[in-house]
Structures are given as structure tokens and as C-alpha cells.
Amino acid sequence: MVQSINTKVDLTTNATSYLGITDYGKIMIGDKGFEFYNERDARKFVQIPWEEVDQVIASVMFKGKWIPRFAIKSKRNGTYTFSAKDPKKVLRAIRNYVDPSNMVRSLSLLDVVKRGVKNIFKRK
């Protein structure tokens, strides 16, 4: 069994991890860090201490009505993508430990297309 890094748990909820193959499990947010663990396979877990979190990137759709997934960008190990049963509650719990200025929205599809078109004309 995996040893938790948290001493006090604020929130536990069902979630999905998008690291390679999709894994279903639970997200645990506590005083020491962010944890994802698979209930069926103890080897599939992610533990990110709050000191390692660089940014939290949320994919926001329909003017904030729906958040399909969010990503946690760490300082050393890259980006981890998750979705949760109640993502607003998860992001509010993360906001207690991460600076709100480091919590950003991801680019929309239209913004990505605009940026691509600008770069095409900029190169010529």
C-alpha cells in the first residue's frame, strides 16, 4: 500500500487520470500535497507536494459552467492531467494551497487557431 504524504485531508473525490492509459481512482487534497491513487492497483499513483506545483491549468468551457479537465504543471516532472466528478470543488480546495495567480485557464480552440494563423503570416 502507498503511504500518503498528507497528514490532514481536505477533500477526497472520484477522478480520472490521463497519464498514458486512462486510470480511474480518487483524488485526495491535503495539507502536504495533491494525490491521485487507483483503488484497484496500488502501483498506479501520483503524489505532488505543494512546493512542486508550478501552475494549475483548467480547461473552462461555456463561460465557466463546465470544467471538463484540469492539469497540474510541476516544476520538475511535467504536466499531469486529471478530471474529477466535481472539478470546481477540487480547484477551490487546491486554491487554498496554491497561489491563485498560478491558477490559469487553458487556451480555447479558437485561441489556438488564431495563434496558429498569426504564426503562419508572421513567418513569411
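Tutor: Start here: a hairpin takes the chain from β2 to β3 through two residues. This is a predicted model, where local features need pLDDT of at least 70 and side-chain atom pairs count only at pLDDT 80 or more, while totals for chains, interfaces and linings use all residues. Residues are numbered from 1 along each chain as its sequence is written, and side-chain values use heavy atoms, leaving out hydrogens and water.

Student: How many bridges join β2 to β3?

Tutor: Strands are DSSP runs (E, at least two residues), numbered from the N terminus, and two of them pair if DSSP finds at least two bridges between them. Here four bridges join β2 to β3 (residues 33-37), and the strands run antiparallel. Met 28 has Glu 35 in β3 as its bridge partner.

Student: What about β1 and β2?

Tutor: β1 (residues 9-17) pairs with β2 in the antiparallel sense over eight bridges. Thr 16 is opposite Tyr 24 in β2. These two strands form a hairpin with five residues between them, and Gly 20 in the turn has a positive phi of about 75°.

Student: How many residues of β2 are buried?

Tutor: Buried means under 20% relative accessible area (1.4 Å probe, protein chains only). In β2 (residues 23-30), six of the eight residues are buried, so the strand is mostly covered.

Student: And where is empty space left?

Tutor: Rolling a probe the size of a water molecule over the atoms shows that.

Conventions. Buried means under 20% relative accessible area, exposed over 50%, partly exposed in between (1.4 Å probe, protein chains only).
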